[in-house]
Amino acid sequence: MDEYLIQKQEILNKIKEYESIIIVRHIRPDGDCMGASLGLREILRDSFPQKRILSIGQMKSSYLEFLGSEDEDVSEDVYKESLVIVVDTATSDRIDNPKYQLGKEIIKIDHHIPVEDYGNINYVRVDLPATSAIITDFYDTFKDELVLSSKASRYLYTGIVTDTGRFRYRGVSGHLMHLTSLLLNTNFDIEEVYSNLYMRSPQELKLLAYVYEHFKVTENGVAYFLMSNRIQKKFNVTNEEAAALVNSLEGIRGSLIWIFFIQNNIDKTWRVRLRSRYAKVNEIANKYRGGGHLQASGATVMNKKEIKSLLKDADLYLKTFKENNEGVF
Ligand code: AMP
């Protein structure tokens, strides 16, 4: 018995009830929120051609432009008569569309640790590693009534592949592989997806070499790098390109936590990207205006003093963690 079946049925009923559905996602879009939003849009458009189904957000991520675009925004009146489906954010303050609140009813679909029930229905699956996988599972449950095209699959596959680090992270399971097989069976061009996602410019590679040369490690093994505005300028990369290098620090023996601090070009604050294996970083992120997953979180710090303080917290946490798990790693 599928323990989520009742919630999924409620969502399908709501979708059937509305003639107009608007899908929104989180700020600073990544592959998963774009994949889930556009993938769900395609499934619903193909399954219910008479309905108006829109995918609407504000911010763009240039590395995801290859996917295709979302829809133009619509008037407040349209929101007022619509079902709004919010994908891939635990908290309402990260929704990249202030008009979402106007929706007649709101459904939250997410895979982050739940901290806020901002929907009339809140469908949260921390057991699945990507919201795009939740959408694929939804399709799988109702496949007699829903249509999955190769276009939808390309979006959803992009979401799964980016949020699982190409099927390497915790949360990858037989069930996820089953869902992925449904996508692959529709025969979209997988090479096109990878060519767009993983190509880098020469200046990004040069910056990568600089990161390898200059990253630091705290006493107890937290690896980190400060991506200042000066460095971004020197290597002529965008904020986004600089931030994308966080996982270059992932394979250092003994460094179970690695952190990138990326300085914002405009307000000079620092975006923090925290990653880990075995250890958990979400509580550190929570303390610095952030949150996310146990092993992949984001936060914001205001200045170097806060960077020091966060590093001290992470170092102390790792010290205790290593003491409690001696010999395991
Ligand atoms: P990022 O390093 O930005 O890719 O973030 C890692 C994970 O943490 C993603 O799943 C984000 O959705 C989440 N996250 C990032 N920043 C925040 C924040 N300020 N508050 C809550 N969650 C966040």
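Trainee: How many of the eleven residues of helix H4 are buried?

Mentor: In this predicted model, helix H4 spans residues 131–141 and is mostly covered. The buried residues include Thr 131, Ile 134, Phe 138 and Asp 140. Of the eleven residues in helix H4, the number buried is ten.

Trainee: Which residue of E11 stands opposite Leu 274?

Mentor: Strands of a sheet pair through backbone hydrogen bonds, in either a parallel or an antiparallel sense. E9 and E11 pair in the antiparallel sense, over six bridges. The residue of E11 that stands opposite Leu 274 is Ser 297.

Trainee: Which strands each supply at least two residues of the shell around the ligand?

Mentor: The shell has one nonpolar, seven polar and five charged residues. Among the 13 residues around the ligand, those that come nearest are Arg 94, His 112, Arg 271, Arg 273 and Arg 275. The strands that each supply at least two residues of the shell are E9 (270–276), E10 (291–292) and E11 (296–301).

Trainee: Is Arg 289 buried or partly exposed?

Mentor: Arg 289 is found in the loop between helix H11 (282–287) and E10. Its phi is near 60°, a positive value in a residue other than glycine. With a relative accessible area of 46%, Arg 289 is partly exposed.

Trainee: Near what value is the phi of Arg 28?

Mentor: Arg 28 lies in the loop between strand E1 (20–24) and helix H2 (31–47). At 40% relative accessibility, Arg 28 counts as partly exposed. Arg 28 is a residue other than glycine, yet its phi is positive, near 45°.

Trainee: How many residues apart in sequence are the parts that the pair of Tyr 157 and Phe 188 ties together?

Mentor: The structure holds ten aromatic pairs. In the pair of Tyr 157 and Phe 188, the ring centres are 5.2 Å apart and the planes are at 50°, so the pair is tilted. Both Tyr 157 and Phe 188 are buried. Tyr 157 lies in helix H5 (residues 150–163) and Phe 188 in the loop between helix H6 (174–184) and helix H7 (190–198), so the parts tied together are apart in sequence by 31 residues.

Trainee: What is the relative accessible area of Phe 260?

Mentor: Phe 225 and Phe 260 form a tilted aromatic pair, 5.7 Å centre to centre with 35° between the planes. Phe 225 lies in strand E7 (residues 222–227) and Phe 260 in strand E8 (residues 257–263), so the pair ties together parts that are 35 residues apart in sequence. Phe 225 counts as buried at 3% relative accessibility. Phe 260 is also buried, and its relative accessible area is 0%.

Key: Residues numbered from 1 in each chain as written. Predicted model: local features only at pLDDT ≥ 70, side-chain atom pairs only at ≥ 80, totals over all residues. Heavy atoms only, no water. Near = heavy atom within 4 Å. Helix = DSSP H or I, 4+ residues; strand = E, 2+ residues; numbered from the N terminus. Nonpolar A, V, L, I, M, F, W, Y, C, P; charged D, E, K, R; others polar. Buried < 20%, exposed > 50% of the residue type's maximum accessible area, 1.4 Å probe, protein only. Pairing = 2+ DSSP bridges. Phe/Tyr/Trp six-rings, centres within 6.5 Å; stacked < 30°, edge-to-face > 60°.
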